[in-house]
Number of protein chains: 2
Amino acid sequence: MSAPQPVEIWFEFASSYSYLAVMRVESAARAAGVTLHWRPFLLGPVFLSLGWNDSPFNIYPPKGRYMWRDMARLAAKYDIPFHLPSQFPRNGLLAARVARLGQDQPWIADFARAAMRANFGEDRDIGQPEVIVDILSALDLPAAQLIDAALAPANKLALRRQTEQAAERGIFGAPTLLVGDEMFWGNDRLEDALAWACRSE
Amino acid sequence: MSAPQPVEIWFEFASSYSYLAVMRVESAARAAGVTLHWRPFLLGPVFLSLGWNDSPFNIYPPKGRYMWRDMARLAAKYDIPFHLPSQFPRNGLLAARVARLGQDQPWIADFARAAMRANFGEDRDIGQPEVIVDILSALDLPAAQLIDAALAPANKLALRRQTEQAAERGIFGAPTLLVGDEMFWGNDRLEDALAWACRSE
């Protein structure tokens with residue numbers, strides 16, 4: 001039996017279904033013995049390339065109404081806190097820059113969950129720098145220093161480049177799980193992606 | 001313990017994910033002790049109301065490429081035959097009219113599965129009347145008589161009305177499962193819909 005392949009989770013802090021996947025993925029990957037790589041990116045440019053200048057859940061109201069109901073049901077099923085955000089989508093740029101900075105650091109999973117929960121579980125505006133400062137501080141991380149580093153040109157460029165890579169690899173939504181080039185779109189495919197990573201060739 | 005609520009499955013013969021749900025729903029409902037109501041409708045008018053004059057899987061090529069890969073994986077997982085259709089979407093109008101005629105008849109499930117399998121498992125053009133005749137005949141049904149009845153003004157109107165009802169009830173895609181007014185969109189939600197129908201109030 002060969003070792004499982006690593007799994008990349010591509011996610012966006014403004015994305016509702018990314019919230020569910022981000023909250024679940026670390027423990028599910030650990031249970032499956034799968035190494036996880038975090039890949040924050042920005043959905044906005046990807047949506048623009050599809051002709052959308054807003055979330056499709058706002059552009060198509062019946063889909064949006066359904067999505068919020070579905071989110072509430074799934075959050076209850078997974079026992080994840082959920083609070084209908086008073087603003088959607090929120091600006092996830094700063095959170096994504098911090099996550100890009102930390103995507104290979106031991107704190108990435110905790111930060112990703114905390115920022116996602118702030119947006120979709122606590123109705124806090126993650127577009128406000130002070131909210132990101134709060135989140136980092138609550139994790140005992142050096143907030144001011146990390147935000148400075150996140151806003152440095154090299155890190156901003158790294159996030160932009162990662163977003164371009166998402167489109168280059170065929171990603172059109174979030175969350176997306178990649179096992180090599182095998183793509184799994186949506187929180188609904190989390191278990192299938194991990195099973196794919198574990199199958200023997 | 002109260003009896004489970006009935007579940008309606010709203011589906012379209014041209015819809016790829018409807019294929020997976022239609023193939024699975026009868027046995028899953030039976031296992032759950034849930035009464036099933038079949039509700040064929042036309043996705044075209046619903047998509048037009050969202051501004052799409054084609055399948056979104058054709059309008060957004062990255063979504064389309066992913067969908068076919070996802071279909072192949074899911075069909076393998078469920079052990080359902082799958083053959084990439086040489087035409088998509090196919091014209092499901094005649095099949096939907098026959099299904100509307102028979103939606104409360106004992107043959108509806110067999111017909112729905114056979115016509116869906118012809119499209120997505122056997123690459124046959126269900127838009128051709130002779131293919132529908134073949135399917136009905138193979139089920140030992142009076143094909144010519146049923147097609148005549150399906151094309152009668154009252155039945156054509158009944159399908160048009162059912163399609164309007166789909167939009168009125170908030171349906172924006174297929175398959176959709178309804179438990180009362182509780183909506184579950186997609187083959188992925190089949191199990192959740194049945195569980196909802198069975199939960200005690």
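Backbone and helix packing

Q: Where does Pro89(B) sit?
A: Pro89(B) is in the loop between H4 and helix H5 (93-102) of chain B. Helices (H or I, at least four residues) and strands (E, at least two) are DSSP runs, numbered from the N terminus.

Q: What joins Phe88(B) and Pro89(B)?
A: A cis peptide bond, with omega about -10°. This is a predicted model, where local features need pLDDT of at least 70. Residues are numbered from 1 along each chain as its sequence is written, and chains are lettered from A.

Q: And the bond from Ala174(A) to Pro175(A), cis or trans?
A: Cis, with omega near 0°. Pro175(A) lies in the loop between helix H9 (153-168) and strand S3 (176-179) of chain A.

Q: Switching to chain B: at what angle do H7 and H8 cross?
A: Roughly 125°, and the axes of H7 (residues 129-138) and H8 (residues 143-150) of chain B come within 9 Å. Axes are lines fitted to C-alpha atoms over the stretch in contact, with angles from 0 to 180 degrees between N-to-C directions.

Q: Which residues make the contact?
A: From H7(B), Pro129(B), Ile132(B), Val133(B), Leu136(B) and Ser137(B); from H8(B), Ala143(B), Leu146(B) and Ile147(B). Contact means heavy atoms within 4.5 Å.

Technical notes
Predicted model: local features only at pLDDT ≥ 70, side-chain atom pairs only at ≥ 80, totals over all residues. Heavy atoms only, no water.
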